[in-house]
Amino acid sequence: MRILLVEDEPKAAQMLAKGLRNQGYSVDIASKSEEALYKVAVNTYDLIILDLVLPGQDGFSICKTVRATGHSLPILILTARDSVQDRVKGLDTGADDYLTKPYEYSELLARIRALLRRGTTTYTECIQVGDLRIDTGARSVTRCEQKINLTAKEYAILEYLGRKSGKLVSREELSEHAWDENFDAFSNVIDVYILRLRRKIDSGYDNKLLRTRRGEGYALISEN
């Protein structure tokens, strides 16, 4: 497994790289943001270990750029910045894990193993279906740049359909992902929410996005 270690402190980088190599990993080191992004663009890595405080762009920007360019490899942020705000920002920016310094080396190795077992992830910050845009970070929805106000449940249903856009989603599948185990699958609750969503996102538009296939399920589709 090949790891990109992004760390601007030479001694810390070399020490960690040596330890990882002793574990059988191949490790490349980048000390600057531009160097890190270049290596990601030209090489194939299985994991990035990313410090946040770097010359040039910080680790958050690197993480965001890596995701924006379509790379789905796991990213582990390893940093001395331990505030809740930083941890939330790191994970929301596209990291898969966040570990603060000082750390136990055995814990770092365990987290690396866990991320490598998990493999690549699909990271989508925004879902676009025709002129409908779902911002999963801000949990907001717009159509033709007009904000659509949704309840939490309506948003959950729409986000799931958006992630499956173009595909048919059965009632059972939708209920499993948008409700808990206490949901009564025989009730008409799903129909009620779909009706509300259709009014909110499709009313007034010729291109209807939310489709119902009677007896089979629902789909979010744009034909434009």
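**Figure 1. Overall composition of the predicted model.** Of the 224 residues in the protein, 40% are buried (under 20% relative accessible area, with exposed meaning over 50% and partly exposed lying in between; 1.4 Å probe, protein chains only). This is a predicted model, in which local features need pLDDT of at least 70 and side-chain atom pairs count only at pLDDT 80 or more, while totals for chains, interfaces and linings use all residues. Residues are numbered from 1 along each chain as its sequence is written, and side-chain values use heavy atoms, with hydrogens and water left out. The protein contains eight helices and eleven strands (DSSP runs numbered from the N terminus: H or I of at least four residues for helices, E of at least two for strands). Its C-alpha atoms fill a box of roughly 60 × 35 × 30 Å along the principal axes.

**Figure 2. The nonpolar cores.** The largest nonpolar core has 25 residues (such a core being a set of buried Ala, Val, Leu, Ile, Met, Phe, Trp, Tyr and Cys residues joined through side-chain atoms within 4.5 Å). Leu-132, Ile-157, Leu-158, Leu-161, Leu-174, Ile-194 and Leu-220 touch the most other members. Two or more residues of this core come from each of β6 (126-129), β7 (132-135), α6 (152-163), α7 (171-178), α8 (189-202) and β11 (217-220). Apart from this core lies another, of 19 residues, including Val-40, Leu-52, Ile-62 and Ile-77. When residues up to four places away in sequence are not counted, Leu-174 touches Ile-157, Tyr-160, Leu-161, Val-169, Trp-179, Ile-190, Ile-194 and Tyr-218 (contact meaning heavy atoms within 4.5 Å).

**Figure 3. Lys-39, a buried charge.** Lys-39 belongs to helix α2 (residues 33-42). Lys-39 is buried yet has no salt bridge (a side-chain nitrogen of Lys or Arg within 4 Å of a carboxyl oxygen of Asp or Glu). The nearest side chain of opposite charge is that of Glu-35, 4.1 Å away (Lys and Arg count as positive, Asp and Glu as negative; His and the chain ends are not counted). Beyond neighbours within four places in sequence, Lys-39 contacts Leu-4, Ile-29, Ala-30 and Tyr-45.

**Figure 4. Salt bridges.** The count of salt bridges comes to 13. In one of them, Arg-2 meets Asp-28 at 2.7 Å, N to O. This pair links strand β1 (residues 2-6), which holds Arg-2, to strand β2 (residues 26-30), which holds Asp-28, across 26 residues. Lys-200 pairs with Glu-154, the closest N and O atoms being 2.8 Å apart; Lys-200 in helix α8 and Glu-154 in helix α6 are 46 residues apart in the chain. Lys-200 is partly exposed at 33% relative accessible area, whereas Glu-154 is buried at 2%. Arg-81 and Asp-86 form a further salt bridge, with closest N and O atoms 3.1 Å apart. Glu-7, Asp-51 and Lys-101 are linked in a network of salt bridges.

**Figure 5. Backbone geometry in loops.** Most residues other than glycine have a negative phi, and most peptide bonds are trans. Lys-101 and Pro-102 are joined by a cis peptide bond with omega about -5°, and Pro-102 lies in the loop between β5 (97-100) and α5 (105-118). Arg-139, in the loop between β7 and β8 (140-143), has a positive phi near 55°. Cys-144, in the loop between β8 and β9 (146-148), has a positive phi near 50°. Cys-144 is partly exposed, with a relative accessible area of 39%.
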